[in-house]
Amino acid sequence: MRCLRDLLQKAQQSGVAIGHFNISDLVLVKAVFAAARELNVPVLVGLSEGEREFVGTRQIAAFVRSLREEFDFPIFLNADHTHSLAKGIEAAKAGFDSIVFDLSALPIEENVRQTKQAVEALKAINPSMLVEGEIGDIGTGSEIHESSPDLSKGLSTPEEAKQFVESTRVDILAPAVGNMHGMLRSMVQGETKKRLDIERIAGIKRAARVFLTLHGGSGTDDEDLRKAIAAGINIVHINTELRVAWRHGLEHGLAKQPDEVVPYKILPSVVDSVKQVVGSRLKLFNGRHVGHGA
Ligand SMILES: [Zn+2]
C-alpha cells in the first residue's frame, strides 16, 4: 500500500485531485468507500473535532484501517479542522494519516508560531503524518447559511502563502481563494454556484510549492473545480453536499417504509443518496466524464 504522500504526488503528476469527504457515522463511511471502490480511486475521509467527538477518534481510526487492510484499498483518514495541539496529538496517536491544523482565526504571526510547533510535535509522534496549515478566512460551519460572508478581505496572497509554508514547514496548505465552508440555500437548490479565483490558486502554487487543499468545495461550479485542480489544487473537501444528501436519503427511507424499524433496512436509502454525490464528485476530481444530473 502506498502512503498518502505518494498518492498525492501521483495525483499531482496526473493532474487530478483526491476527494476528501467528511463523515460522522457508519453510513457515510460506507457510502464514501463504496463510491471510491466503484471508481477505483484513492479517497480521504475526514472528521472535524466535533465529528471525532461523536464517532470516537480511536474507533474511526480502527474502522478505516480495517477497510484499508481487508480490501487493500487506498482509503486514508484526516483529522479535519483541529484547533489545539492536544487534539492533534490524540489523532496522531490514533494513527490518522493527515491533519488540518487550523489556527486561521488567529493573527498570522501567532498562526505561524503555533503551526510550526504543531508540525514538529506531530511529526515526532508519526513522521509520515502530513500536516496541513490554514491561512485566510473561508468562514466556518459546513451548514446551510442564509447569507454569504464577505470573503474578499480574507483572501490569501502568494507572498503570504510562501512565507507561511517556509516558516512552518507544513506539507499541505489550505488557502482562501473564493471558497467558503457551508452552502447558501440558493446553492442547495442549484440556483447559484461558488466561484473560485483560479489565477490566485496558480500564483499561490508557484510561490508556496506544496500540496494545496480546497476547503468548502460543496456547491462550487464544476468548471471552476476542474480549473482549480489544473492550477494546483490536490485535495478537494466536500462536506455540506453529503450532509444534505444524508438528510434527504433518510427522509426518503423513512417515508418509503413508514412502519419499518429495522435500521439496516432503512439506512441503505441514505447510503445510496450519499454515494451518488460522492461518486459524481470523485469523477470530476479524477478527470472522468460527469453525466447529466450527476
Ligand atoms: Zn474545511
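Ring pairs link Phe33, Phe71 and Phe73 into a cluster. I will start there. A word on the model: it is predicted, local features need pLDDT of at least 70, side-chain atom pairs count only at pLDDT 80 or more, and totals for chains, interfaces and linings use all residues. Residues are numbered from 1 along each chain as its sequence is written, and side-chain values use heavy atoms, with hydrogens and water left out.

A search of the whole structure finds 2 aromatic pairs. Rings of Phe, Tyr and Trp (its six-membered ring) pair if their centres lie within 6.5 Å; planes under 30 degrees apart count as stacked, over 60 as edge-to-face and the rest as tilted. Phe33 and Phe71 are edge-to-face, at 5.4 Å centre to centre with 65° between the planes. This pair joins distant parts of the chain, with Phe33 in helix 2 (residues 26-39) and Phe71 in helix 4 (residues 57-71), 38 residues apart. Helices (H or I, at least four residues) and strands (E, at least two) are DSSP runs, numbered from the N terminus.

Why is the pair of Phe33 and Phe73 edge-to-face? The ring centres of Phe33 and Phe73 are 5.5 Å apart and the planes stand at 90°, so the pair falls in that class. Phe73 lies in the loop between helix 4 and strand 3 (75-82), 40 residues from Phe33.

Phe71, at 33%, counts as partly exposed.

His81 sits in strand 3 and His215 in the loop between strand 9 (211-214) and helix 10 (222-230), 134 residues apart. His81 is buried, with a relative accessible area of 12%, and His215 is buried at 1%.

The charged end of Arg52 sits over the ring of Phe96, 5.9 Å from its centre. The cut-offs are NZ of Lys or CZ of Arg within 6 Å of the ring centre and within 35 degrees of the ring normal.

Methods:
Buried means under 20% relative accessible area, exposed over 50%, partly exposed in between (1.4 Å probe, protein chains only).
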